[in-house]
Amino acid sequence: MNRTIQKICAIVFLSLAVLFVQSCSDDAKSVTEQELTQAEVKTILITDDISGIADNALAELFAGDGTTTKTAKANDCYVAEYTETGFVATFNNCVLNGTDNVNGTVTATYEMAGETASFAVTFTDFYVGDIKLNGTRDFVVNGDMEGNSFSFTVTSNMTIELADGSIIEETGNKTFTFTFGESLDNITIGLSGTWTIKSDGNTYSIESDGVQADAQCGNFTTGTMTISKIGLVVTVDFGDGGCDDKATLIYPDGTTEEITI
């Protein structure tokens, strides 16, 4: 496997490990059908965290030595068949990078073209704890990997099944930008893109031109996100940069509502 691509993949997935975990409250107030509930915002925000759990579990494989085609085994819990362009790995109750038990199969392929690296990951009945993932996540990495920032775009076509049997489907594109300060504790994470989530019979279309989070804070702290549901378009304003767990919903008629994220 090309060592440059390995390095890029490892950096991307290890960077995903510092992504915040949203902790939305479940106590959404009684609402009409034409409102966006706090619980619905929670579903939208946690979907990335769920997918990111699987991404984080793969960091060990991307950082592994795949210079030749071989079978690699780690901790007697997974087998990975490497080629020059990727790997196929099968997991059996692995604990990787602090995740819950990982089971199932994942296939990854790589490609390098000039300053851009791309890789595609396919999950097949891939479990992290009680969460099952199926589908694909394609990554295109841009920027100076040796500098203080880089970005990558993720194109997702994923189905996530939670422990209670509920299904979340996610499709679309997101671009993550990581800007590093003097230490790994000082990281700003930007998110932009257009994507769709289907959950509990509803379809949500989300668009963001650049919300940001401080990795130490653990929440989005600035920027706006637009969420469309059944013709209703609501703006979610995450604030002016202060580290808190609040956001403001802004409805088309100017009505506002503060929620906990």
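In the predicted model, the side chains of E170 and K174 form a salt bridge with an N to O distance of 2.5 Å. Side chains of opposite charge can pair when their charged atoms come close.

A second salt bridge joins K229 to E40, with 2.9 Å between the closest N and O atoms. Because K229 is placed in strand β11 and E40 in helix α2, this contact ties together parts of the chain that lie 189 residues apart in sequence. K229 has a relative accessibility of 8% and therefore counts as buried, the limit for that class being under 20% relative accessible area. E40, at 10% relative accessibility, counts as buried as well.

The remaining pair is formed by E161 and K132, whose side chains meet at 3.6 Å, N to O. Distant parts of the chain are linked here too: E161 belongs to strand β7 (residues 149–161) and K132 to strand β6 (residues 131–142), with 29 residues separating the two. With a relative accessibility of 28%, E161 is classed as partly exposed.

The nonpolar interior was examined next. Nonpolar side chains tend to be buried together in soluble globular proteins. In this model the largest nonpolar core comprises 59 residues, and F126, M225 and F238 are those with the most contacts inside it. The element that gives the most to this core is helix α2 (residues 38–57), which supplies six residues. Helix α2 is also the element that holds E40, the partner of K229 in the salt bridge described above.

Strand β11 spans residues 220–229 and includes F220. The relative accessibility of F220 is 4%, so this residue counts as buried. In sequence, F220 and K246 are separated by 26 residues, while their C-alpha atoms are 9.1 Å apart in space. K229, the salt-bridge partner of E40, likewise lies in strand β11.

On the surface, a patch of negative charge is made up of D240, D244, D245 and E258. Of these residues, E258 is located in strand β14, which covers residues 256–260. E258 counts as exposed because its relative accessibility is 57%, and the exposed class begins over 50%.

Backbone geometry draws attention to two further residues. N93 is not a glycine, yet its phi is positive, at about 55°. This residue is found in strand β3 (residues 86–94), and its relative accessibility of 46% places N93 in the partly exposed class. D200, which is not a glycine either, also has a positive phi of about 55°. The setting of D200 is the loop that connects β9 (187–199) with β10 (202–214). At 73% relative accessibility, D200 counts as exposed.

How values were computed
Residues are numbered from 1 along each chain as its sequence is written. This is a predicted model: local features need pLDDT of at least 70, side-chain atom pairs count only at pLDDT 80 or more; totals for chains, interfaces and linings use all residues. Side-chain values use heavy atoms; hydrogens and water are left out. Patches are made of residues with over 30% relative accessible area and no salt bridge: like charges are joined within 9 Å, nonpolar side chains (Val, Leu, Ile, Met, Phe, Trp, Tyr) within 5 Å. Accessible areas come from the Shrake-Rupley method with a 1.4 Å probe; for residues, only the protein chains shown count as cover. A salt bridge is a side-chain nitrogen of Lys or Arg within 4 Å of a carboxyl oxygen of Asp or Glu. Lys and Arg count as positive and Asp and Glu as negative; His and the chain ends are not counted. The place of a charge is taken as NZ of Lys, CZ of Arg, CG of Asp or CD of Glu. Helices (H or I, at least four residues) and strands (E, at least two) are DSSP runs, numbered from the N terminus. Buried means under 20% relative accessible area, exposed over 50%, partly exposed in between (1.4 Å probe, protein chains only). A nonpolar core is a set of buried Ala, Val, Leu, Ile, Met, Phe, Trp, Tyr and Cys residues joined through side-chain atoms within 4.5 Å.
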